[in-house]
Amino acid sequence: MLTRLLIWNVVESRTSIDELRDSLPELDEPSRWIWNEVTERFGALVFGEDLPEAIGWAQDLVGDEPDVYEEFDS
């Protein structure tokens, strides 16, 4: 199975962590959104071959590609 970690830095983004929480749909289990309010970063831990549509919505809301995009075989 492919596992992906995507992390965005929203310090200088056009949206906030709170706005993202209110706007982004839930991801299908076991994938999930991850949040770090202190560093103003959020991301997604995604399991499976295809990225969920919500990842594109996150990029649109933030206005940028993820700062970290790592893929792992699990």
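Visitor: How do β2 and β3 pair, parallel or antiparallel?
Guide: They pair in the antiparallel sense, over five bridges, with β3 covering residues 41-47. Keep in mind that this is a predicted model.

Visitor: And which residue is the bridge partner of W35?
Guide: That's F42, in β3.

Visitor: What holds paired strands together in general, by the way?
Guide: Strands of a sheet pair through backbone hydrogen bonds.

Visitor: Back to this sheet: what is the order of the strands?
Guide: The order is β2-β3-β1-β4, four strands in an open sheet with antiparallel pairing. At the edges sit β2 (32-36) and β4 (68-73), each pairing on one side only. From one strand to the next, the twist averages 15°.

Visitor: Which strands does helix α2 touch?
Guide: Helix α2, residues 53-62, packs on the sheet and touches β1 (2-9), β2 and β3. The direction of α2 makes about 15° with that of β1.

Visitor: Switching to the core: which residues have the most contacts inside the largest nonpolar one?
Guide: W8, W33, F42 and I55, in a core of 15 residues. Two or more residues each come from β1, α1 (17-23), β3 and α2.

Visitor: Which element gives the most to this core?
Guide: α2 does, with four residues.

Visitor: What does W33 touch, leaving out residues up to four places away in sequence?
Guide: Quite a list: W8, L24, P25, E26, L27, F42, G43, A44, A54, I55 and A58.

Notes:
Residues numbered from 1 in each chain as written. Predicted model: local features only at pLDDT ≥ 70, side-chain atom pairs only at ≥ 80, totals over all residues. Heavy atoms only, no water. Pairing = 2+ DSSP bridges. Axes fitted to C-alpha atoms, helices over the stretch in contact; angles between N-to-C directions. Contact = heavy atoms within 4.5 Å. Core = buried A, V, L, I, M, F, W, Y, C linked by side-chain atoms within 4.5 Å. Buried < 20%, exposed > 50% of the residue type's maximum accessible area, 1.4 Å probe, protein only.
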